[in-house]
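Notebook open, model loaded. I'm jotting down what I look up as I go, helices before strands.

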Amino acid sequence: MAVVETIEHEATDRTPAVVFDFAAGQYRLSGESYPEDAANFYGPLTQGLRQAIEDRASDEVEFTVEMIYFNSSTAKALMNMFQILEDGAESGLKVRINWCYHDDDETMEEFGEDFSEDFEHADFRMCPLT
């Protein structure tokens, strides 16, 4: 399967803005996420990410999450993507994950801290926004 160069989606009232630039190793999710069908929305992103990591489409990966709200099915999709990133980092890929949250949003800060505990090899950074 040929690697797709980029997947981009504008944010909607139920889904985040997405920019997955596979060739550059730059990935970004921002906004709110509570899609009616999370598997349908996140499936192609997860598959593309897995393929790009397996193919070493880039030498370095930067994955940025800047969510203001997400539901439990989105959390599961994020965990799946984070596991792919951690596996890539464990096999020698340079991976940085930026968890961006507004500094007054304790809920998103706590989610980031919880996610960060699952990483040993990827560089997980908490990025408070003012």
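Helices (H or I, at least four residues) and strands (E, at least two) are DSSP runs, numbered from the N terminus.

Ground rules before I go on. This is a predicted model, where local features need pLDDT of at least 70, side-chain atom pairs count only at pLDDT 80 or more, and totals for chains, interfaces and linings use all residues. Residues are numbered from 1 along each chain as its sequence is written, and side-chain values use heavy atoms, with hydrogens and water left out.

**Helix α1**

I listed the buried residues of α1 and got Ala38, Phe41, Tyr42, Leu45, Thr46, Gly48, Leu49, Ala52 and Ile53. Buried means under 20% relative accessible area, exposed is over 50%, and partly exposed is in between (1.4 Å probe, protein chains only). These buried residues pack against β1, β2, β3, β4 and α2; contact means heavy atoms within 4.5 Å. After α1 I found Arg56 with a positive phi, near 50°.

**Helix α2**

I checked the length of α2 too: it has 19 residues and reaches 26 Å from first C-alpha to last, close to the 27 Å expected at 1.5 Å a residue. Its buried residues include Thr74, Leu78, Phe82, Glu86 and Ala89. Just after α2, Gly92 has a positive phi of about 110°.

**How the helices meet**

The axes of α1 (residues 38–54) and α2 (residues 72–90) come within 10 Å and cross at roughly 5°. Axes are lines fitted to C-alpha atoms, for helices over the stretch in contact, and angles run from 0 to 180 degrees between N-to-C directions. The two helices are therefore roughly parallel to each other; the cut-offs are under 35 degrees for roughly parallel, over 145 for roughly antiparallel, 65 to 115 for roughly perpendicular, and oblique for the rest.

On the α1 side of the contact I noted Tyr42, Leu45 and Leu49 among others, and on the α2 side Ala77, Met81 and Ile84 among others. The contact residues divide into nine nonpolar, four polar and one charged. For the classes, Ala, Val, Leu, Ile, Met, Phe, Trp, Tyr, Cys and Pro count as nonpolar, Asp, Glu, Lys and Arg as charged, and the others, Gly among them, as polar.

**The sheet**

Six strands make an open sheet with mixed pairing, in the order β1-β2-β3-β4-β5-β6. Two strands pair if DSSP finds at least two bridges between them. The edges are β1 (6–9) and β6 (123–129), each pairing on one side only. Twist averages 15° from one strand to the next.

I also looked at what α2 does here: it lies across β2, β3 (26–33), β4 (60–70), β5 (94–102) and β6, at about 165° to β4. β1 and β2 (residues 17–21) run antiparallel and are joined by four bridges.

**Two strand residues**

Is Ile7 buried or exposed? Ile7, in β1, counts as buried at 16% relative accessibility. Its bridge partner in β2 is Phe20, and its contacts beyond four places in sequence include Pro44 and Leu45.

Ser30 sits in β3 and counts as buried at 18%. Leaving out residues up to four places away in sequence, Ser30 touches Pro16, Ala17, Glu66 and Met67.

Conventions:
Expected span 1.5 Å × (residues − 1).
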